[in-house]
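Thanks for coming, everyone. Let me put the structure up, and then I'll walk through a few spots.

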Amino acid sequence: GAGGAPIGIMKTTDDGVIWAVIPLEPGGAQPRVRTIVPTTYDGSPDPGTQQVVLVGTVGSGLYRSVDGGENYAQISGTGVGLPGGTVTDIQVDPNDNSVYYAGVVGDGVFRSDDGGATWSDVNNADLSTSALLGSSTAVMLTAHPGGGTTQLYAMVSYDDDEMGTAEVPQVFTSDDDGASWTELAAVPSGFASKFGSLYAARASDQIIVDPGDEDIVYIAKGYGGSPMMYRYDPSGGGSWDQIEDVLSVLNSRPHVDHRDLQFVNSGGNDVLINANDGGLYFLVNPQSPLLGWIGMQGRGSTGLGVTEYTNATWDSQFNVVFGGSQDNGTSVQTGAGNRVWESFRGADGGDVQAADAGGGDSFRYSSTQNFGLTRHRFDSATNETGSVNLVPMGGLVGYDNFFVPQYELNSVNPSRLV
C-alpha cells in the first residue's frame, strides 16, 4: 500500500519512451497485479495478430486480453473452470504456446489448452494428497521443454508459524501435462519463512528449472536470510544443495528477499540471475560454479543504481550526504562530492538526521524498521567512533512501532528529539 493504489497495466510500444496506462477494470477500482504474461498465442481467425495477454492478480484472479493488452476481461470465477482468488504465477508450456498453467493460492494448479480461455484443475496424485493446497500462500511454476516432453514443476509455499515442524515449501513435478505429480525430496527446514503470510499479496518463494537439465531446479526464499537458495540434486533419492554462504560459491551470497529467478546464456555459459531487494545478482554455471555470486549494482559507471532511499540529509561537518534506504541500510558519501557511497548500518534504513557533536565530530541519527533508532558519532566522512541505541529494550510505553518511523531533531536544541 505504501506505493500507492493500483492503476492497472502499463504498456509501451517504443522501447519505454512513452507508457500508456490500461485499466483492468475500466471505471472501477483496480486489483493489484501479481504477474503478467504477454503470450505468442493468437486464437482468432481474424486477420492480423490478436495477441493474448494473461494477468494474474491478488484476490481477483486472472484477466485475459485478446487484443495485445488493450482491453481485459476477468476470467476467474466466470464459469470457465478457474476459481477466483489470487493467481501467483502463470507458466506457458514450452512445447505448445496454446497451453498455460496457473498457480492459484488455496486451490493449486490449473491448465488451459486454448490460450487461457477455459481451464481445468490438474491437482492430481501427490499434488492433491501430499500438499496442503488449502493452506498455501503461493503456488509458483516453472517448465522445461524436455526434448519435446514438457517437465513441469510446481512449488507450494506456506506461512511458517514457528511452532512444531517447520512449514517449508513442497516441490512437485509432472511430465504428463499435470495428469500425475511426484513430490521431490523434502526442502530443508531452514528454508521455512515466518513471512509466508506476505506471499500471496506481495512476493514469494521463487523456482526455476535449469535450462541444461530438466531434472534440476533452483529455489529462492521469498523473505528471510540464509539458508535461502538451493539447487536440487536428482541423484539417488534426491536432495537439496545450498548455493549461498557455502564454500562451493566462495562463501558468497546474493541479497535477501528474493523476487525473481531467470536464466540467460552468456559466452556459452548458463547464468542464473537473482532479482532481490538489493538489486540483481548472478551466478555463472550454477550446476558447478567456479566463481561466487556477483552483484550487478554499484559497479562503476556501468553498474545498476537501484537503491530506493526513503530519507536523506546533509552532514555539514564533513559536507556529505547520507541516507536510509529500503532493505539496504544507511549509507554515506565517502567524501565531499564523491559518487561512491559506503554503508554504515544494515537492515531497512529509514529517517536520518545530523547534528554537530562538538570537537569537530558529527552526530548521525539512523533508524531501521520497527523503530531501531541509533545515534552514531563520526570524526570523518566515513569513520564511526561510537554509537548509542536510543530506544529502551522494552520499547516506548504507549508507542506503536512503524516500519519506517518518523522523528525530528529540535533545531534550537539538537539534544532533543521527537
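Start with a strand pair. Strand β28 and strand β29, residues 372-378, pair in the antiparallel sense, over 7 bridges. This is a predicted model, so keep that in mind throughout.

Strand β27, residues 353-358, is joined to β28 by 5 bridges, and the two run antiparallel. Gly 358 stands opposite Asp 361 in β28. This is a hairpin again, with 2 residues between β27 and β28. Gly 359 in that turn has a positive phi of about 65 degrees.

So what about β28 itself, residues 361-368: how many of its residues are buried? The count is 8 of the 8, so the strand is largely enclosed by the rest of the structure. Look at the side chains. In a regular strand they alternate between the two faces of the sheet. Here, Asp 361, Phe 363, Tyr 365 and Ser 367 point one way from β28. Ser 362, Arg 364, Ser 366 and Thr 368 point the other way. Both sets are buried.

Next, another sheet. It is open, with 4 strands in the order β19-β20-β21-β22 and antiparallel pairing. β19 (258-266) and β22 (294-295) stand at the edges. Each has a single partner strand, so one side of each is left without a neighbour in the sheet. β19 pairs with β20, residues 269-276, over 8 bridges in the antiparallel sense. Asn 265 stands opposite Asp 270 in β20.

Stay on β20 for Asn 276, which lies in that strand. Is Asn 276 buried or exposed? Its relative accessible area is 8%, under the 20% cut-off, so Asn 276 counts as buried. Its side chain makes a polar contact with the side chain of Asn 274, at 2.9 Å. Leaving out residues up to four places away in sequence, Asn 276 touches several others, including Pro 254, His 255, His 258 and Tyr 281.

Last stop: the surface. Ile 7, Met 10, Trp 19 and Val 21 make a nonpolar patch of about 400 Å². Trp 19 lies in the loop between β1 (9-11) and β2 (20-22). Trp 19 is partly exposed, at a relative accessible area of 45%.

That's my tour. Over to you.

Methods: Residues numbered from 1 in each chain as written. Predicted model: local features only at pLDDT ≥ 70, side-chain atom pairs only at ≥ 80, totals over all residues. Heavy atoms only, no water. Patch = residues over 30% accessible without salt bridge, like charges linked within 9 Å, V, L, I, M, F, W, Y side chains within 5 Å. Areas by Shrake-Rupley, 256 points an atom, 1.4 Å probe, with all protein chains shown as cover. Salt bridge = Lys/Arg side-chain N within 4 Å of Asp/Glu carboxyl O. Buried < 20%, exposed > 50% of the residue type's maximum accessible area, 1.4 Å probe, protein only. Pairing = 2+ DSSP bridges. Polar contact = N/O pair within 3.5 Å; in protein donor to acceptor, adjacent residues only side chain to side chain. Contact = heavy atoms within 4.5 Å.
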